[in-house]
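User: I would like to go through the charged contacts of this protein with you. Could we start from the model itself?

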Amino acid sequence: MSGTMRAVVLDGPGTPEALRLRTVPVPRPQPGQVLVRVRAFGLNRSELHFRRGQATSGSFPRIPGIEAAGVVEEAPGGELAPGTQVMAMMGGMGRTIDGGYAEHVVVPAAQLVPFSSDLPWDVLGAVPEMLQTAHGSLAVGVRAEPGQSLLVRGGTSSVGLALAVLGRLHGLTVLSTTRSPARRALLEAHGVDHALVDDGNVAEQVRRILPDGVDGAVELVGVDMLRDTLRSVRPGGTVSFTGMLSDRWTIPEFYPMDWLPNGVRLTAYSGDAADLPAPVLQGFLDAVADGRARVPVGRVYRLDDIVQAHRDMEAGTVGGKGVVVL
């Protein structure tokens, strides 16, 4: 193995052009760490926030990237055998330790989820953080049960599309939103039962379909839509605040008695590698392989295309999960 690798380095906050492709030393793992040869990685809005300088943690210079999919090359502690397929995510990746925008990455062994699959790397690279977030939102945030109904606010995002796929696998009736009528077909192609055009008053549309409201909802847009999402849910139902696509994170002068309908529960979800059990990952990949599920890949890029990839992510034109294949 060469002693150098190609990596994207961010010296400090800036525009997409601040992402520089460089040749740097291959990192060396210590006991308890694993060296992974990166085959693909997904693009995430949290990386956009970090690049802009909006993140609440992290330091520069830094190789960004909160996730990666690849193959184990070295594990001094023996936690995983060389050649094992793994997915890495979170745990400070791309913030406090160098992340997945590189040909190799070193991460703590606990941040890896092993799997076995013949799916192509552009598909596998889309999965780690997207599946972890979607699975956690359903299992922890909403605690959805088969036969229930689910509203996904922000449905054409990669996590929103993954929620539709998981919802279908788990026997849920899925209602999902898009701001563009032209993208309703995208939602329906991923298993959405009711594709709603978001005019700011989704609660009224939901209750025309389900007069009592949905059993659960996942809010991916942000606090500017949360109030209406809460009003879409039946008493005893739950809203999981999971995403902030609008980049609005806080509610000024939050008054719970005014915001929260009687009996509707508000939770939040943000997870880590430990929140994606290996059997859940393997089961999802097996479902994709046999045609029972699909991975919402939007666009595939090369490492050399990272600046354009961030431009597309910023413009919201990826149309699913953006993936970089090495």
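**Salt bridges around a helix**

Analyst: This is a predicted model. Aspartate 312 is buried, with 8% relative accessible area.

User: Which residue forms a salt bridge with aspartate 312?

Analyst: Arginine 299 does, with the closest N and O atoms 3.2 Å apart. Arginine 299 lies in strand β14 (residues 297-301) and aspartate 312 in helix α10, so the pair ties together parts 13 residues apart in sequence. Arginine 299 is partly exposed, at 35% relative accessible area.

User: And glutamate 314, which side chain does it meet in a salt bridge?

Analyst: Glutamate 314 meets arginine 51, at 3.4 Å from N to O. Since glutamate 314 lies in helix α10 and arginine 51 in helix α1 (residues 45-52), the pair ties together parts that are 263 residues apart in sequence.

User: Is arginine 51 buried or exposed?

Analyst: Arginine 51 counts as buried, at 2% relative accessibility, while glutamate 314 is partly exposed at 32%. Arg51, Arg52 and Glu314 are linked in a network of salt bridges.

User: What about arginine 311: where does it lie, and what does it pair with?

Analyst: Arginine 311 lies in helix α10 (residues 306-315), and its side chain forms a salt bridge with glutamate 17 at 2.5 Å, N to O. Glutamate 17 sits in the loop between β1 (4-10) and β2 (19-25), so this pair joins parts 294 residues apart in sequence.

User: Changing topic, how many salt bridges are there in the whole structure?

Analyst: The search finds 16. The protein has 30 positive and 34 negative side chains, and the centres of the two sets lie 3 Å apart.

Terms used:
Residues are numbered from 1 along each chain as its sequence is written. This is a predicted model: local features need pLDDT of at least 70, side-chain atom pairs count only at pLDDT 80 or more; totals for chains, interfaces and linings use all residues. Side-chain values use heavy atoms; hydrogens and water are left out. Lys and Arg count as positive and Asp and Glu as negative; His and the chain ends are not counted. The place of a charge is taken as NZ of Lys, CZ of Arg, CG of Asp or CD of Glu. A salt bridge is a side-chain nitrogen of Lys or Arg within 4 Å of a carboxyl oxygen of Asp or Glu. Helices (H or I, at least four residues) and strands (E, at least two) are DSSP runs, numbered from the N terminus. Buried means under 20% relative accessible area, exposed over 50%, partly exposed in between (1.4 Å probe, protein chains only).
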